[in-house]
Amino acid sequence: MSFINRANNKELTHFYQDWLTWNDDRENHWIQRIYEQAEFKPFTKAVFLVGIAHRTRLMDKLNNKATGSNNVLDWNYYYNNS
């Protein structure tokens, strides 16, 4: 992001904003599909694998969803089976 700010290029800034919006929509779609599946066919445990670039954003979104929703899944971000 700092490079884009320093470049001060409208086209690059616009492209970057479009890319951020696309990723945001994609992550929201993932979350929506998981909650839809949980309503359709409840489960007790599941694994959701994503790349590191999405991890923090997804954790923030899921925490916000949990505070504003009655249908809360128990998200364990640091599961250790030892």
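This is a short chat about a predicted model of a protein.

Q: Hi! What is the secondary structure of the protein made of?
A: Hello! In this predicted model, the protein has three helices and zero strands. Starting at the N terminus, the elements run α-α-α.

Q: Okay, and how much of the protein is buried?
A: Of the 82 residues, 17% are buried. The accessible surface comes to about 7,100 Å², and carbon and sulfur atoms account for 53% of that surface.

Q: What about contacts, how many link residues 24 or more positions apart?
A: Take the contacts with a separation of 6 or more: 59% of them are between residues 24 or more positions apart.

Q: New topic. Where is asparagine 8 found?
A: Asparagine 8 sits in the loop between helix H1 (2–7) and helix H2 (10–40).

Q: And is asparagine 8 buried or exposed?
A: Exposed, because its relative accessibility is 69%, and the cut-off for exposed is over 50%.

Q: What is phi of asparagine 8?
A: Phi of asparagine 8 is near 50 degrees, which is a positive value in a residue other than glycine. As background, most residues other than glycine have a negative phi.

Q: Let's switch to rings. How many aromatic pairs are there?
A: The count is five aromatic pairs. One of them joins tyrosine 16 and tryptophan 19, with ring centres 5.9 Å apart.

Q: Why does the pair of tyrosine 16 and tryptophan 19 count as stacked?
A: Their planes are at 25 degrees, and planes under 30 degrees apart count as stacked.

Q: Where do tyrosine 16 and tryptophan 19 lie?
A: Both are in helix H2, three residues apart, and that is about one turn of the helix. Tyrosine 16 is buried, with a relative accessible area of 18%, while tryptophan 19 is partly exposed at 42%.

Definitions and conventions: Residues are numbered from 1 along each chain as its sequence is written. This is a predicted model: local features need pLDDT of at least 70, side-chain atom pairs count only at pLDDT 80 or more; totals for chains, interfaces and linings use all residues. Side-chain values use heavy atoms; hydrogens and water are left out. Helices (H or I, at least four residues) and strands (E, at least two) are DSSP runs, numbered from the N terminus. Buried means under 20% relative accessible area, exposed over 50%, partly exposed in between (1.4 Å probe, protein chains only). Contact means heavy atoms within 4.5 Å. Accessible areas come from the Shrake-Rupley method with a 1.4 Å probe; for residues, only the protein chains shown count as cover. Rings of Phe, Tyr and Trp (its six-membered ring) pair if their centres lie within 6.5 Å; planes under 30 degrees apart count as stacked, over 60 as edge-to-face and the rest as tilted.
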